[in-house]
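Q: Could you walk me through this model? I'm new to it, so let's go one topic at a time.

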Amino acid sequence: MVVTLIIACEVAFWVLLAAGLALRYPARRPRLGAAVLLCEPLLEVVLLCATAIDLRNGAEGNWTHGMAAVYIGFTVAYGHYVIKWADGHFAHRFAGGPPPVRPPKYGTARAVHEWKMCARSVLGAAVALALLQGAVWYVGDAGRSESLVQWQTKMLLVIGISVVIALSYTIWPKKPRTPRGSRGTSAVPGPPNGRRPGTDDPRGARAGGARSPRPRRRDGGSGRRRAAAPAGQRFSPGTQRMSPTSLLADLARMNSRSDSRLR
C-alpha cells in the first residue's frame with residue numbers, strides 16, 4: 001500500500017504542477033494557479049499520515065516505510081527548486097518572460113552551484129533521517145525497525161557523497177575545453193611596421209586597407225607559362241623558335257662582319 005501511495009503522490013505532484021502553471025500563464029489566472037501549487041505540500045502530509053497509520057496497525061517497518069520517509073525528505077528539499085525551474089520555462093514560453101538561466105559550467109560559479117545542490121541534498125537527507133528516527137521510536141521494537149535503521153545509514157552515505165562532489169569542484173574547478181587546433185601553437189609575429197615583406201606600401205599589409213595592385217602579365221593574363229628553350233639555345237623572344245643550324249649561320253655572319261671591320 002505504501003509503494004502505491006508513493007507512486008500516486010509522485011504522479012499527483014507533476015499533475016498539480018502542470019495544472020497550476022497552466023492556470024497561471026496560458027489561462028491568465030495567477031491566483032487560482034498559485035492556489036493549486038500550494039496544494040503540493042499536502043501530498044507529503046497525506047503520505048506521512050498513511051505511513052504512520054500503517055505502522056500503528058502493527059506493520060513491520062520495512063523498506064517501503066523507509067522509502068516514504070526519503071521521498072518526503074527530498075520532496076521538501078527539491079520541491080521548491082523544481083517548481084521554480086518549471087515556472088521559469090512556462091513564463092518564457094507563454095508569457096514572454098526572459099529565458100531561464102542555465103546553471104554555470106565552469107570555474108567558481110560552478111563550484112558555488114554545486115554547494116547549493118549539496119545543501120539541498122543534505123537538507124533532504126536530514127529530513128529523511130528525522131522521519132526515520134521518529135518511525136523507529138514509534139515502532140518501539142528494534143527487531144521490527146531494522147530496515148529503517150538501514151535507510152538511515154544510506155542517508156548518511158548520501159550526505160557524504162554530496163559533500164565530496166561539491167568539494168571536488170572547489171579543489172579542482174572545471175575549466176572549459178581548449179580547441180585541438182590551438183594546443184601547442186603560438187602566435188606568429190608579423191612583419192615590422194605592419195608591411196608585407198618585399199613591399200614598401202603599408203596598404204599591402206593584411207591588417208590594413210586595400211592591397212597594392214599587381215603588375216600585369218606580358219602574356220596577356222592567360223597565366224600560362226612559356227615553353228622552355230631547347231638545350232644550347234639562348235632564350236630570347238627573337239631566337240626562341242630558331243633551329244641550331246640557323247643559329248650557327250648567324251654566328252658565322254657576325255664573325256665575318258667583325259673581321260671585315262677590323263681589316
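Predicted model: local features only at pLDDT ≥ 70, side-chain atom pairs only at ≥ 80, totals over all residues.

Q: OK, so how many residues does α5 have, and what does it reach from its first C-alpha to its last?
A: Helix α5 has 33 residues, and from its first C-alpha to its last it reaches 48 Å, which is close to the 48 Å expected at 1.5 Å a residue.

Q: And what follows α5?
A: The residue that follows α5 is G140, and its phi is positive, near 75°.

Q: Which residue other than glycine has a positive phi?
A: R28 is such a residue, with a phi near 60°. Most residues other than glycine have a negative phi. R28 is placed in the loop between α1 (2-24) and α2 (30-37).

Q: Is R28 buried or exposed?
A: R28 counts as exposed, because its relative accessibility is 57%.

Q: Switching topic: how many salt bridges are there in the whole structure?
A: A search of the whole structure finds two salt bridges. In one of them R24 pairs with D87, and their closest N and O atoms are 3.1 Å apart. Since R24 lies in helix α1 and D87 in helix α4, this pair ties together parts that are 63 residues apart in sequence.

Q: Now the surface: which residues form the nonpolar patch?
A: The nonpolar patch is formed by W115, V163, L167, I171 and W172, which together have about 510 Å² of accessible area. Helix α6 (residues 146-171) gives the most to this patch, with three residues.

Q: Where is I171, and how exposed is it?
A: I171 is found in helix α6, and it is partly exposed, with a relative accessible area of 48%.

Q: Last one: which residues form the positive patch?
A: The positive surface patch is made up of R102, K105, K174 and R177. Among them, K105 lies in the loop between α4 (63-94) and α5 (107-139).

Conventions:
Residues numbered from 1 in each chain as written. Heavy atoms only, no water. Patch = residues over 30% accessible without salt bridge, like charges linked within 9 Å, V, L, I, M, F, W, Y side chains within 5 Å. Areas by Shrake-Rupley, 256 points an atom, 1.4 Å probe, with all protein chains shown as cover. Salt bridge = Lys/Arg side-chain N within 4 Å of Asp/Glu carboxyl O. Lys, Arg positive; Asp, Glu negative; His and termini not counted. Charge placed at Lys NZ, Arg CZ, Asp CG, Glu CD. Helix = DSSP H or I, 4+ residues; strand = E, 2+ residues; numbered from the N terminus. Expected span 1.5 Å × (residues − 1). Buried < 20%, exposed > 50% of the residue type's maximum accessible area, 1.4 Å probe, protein only.
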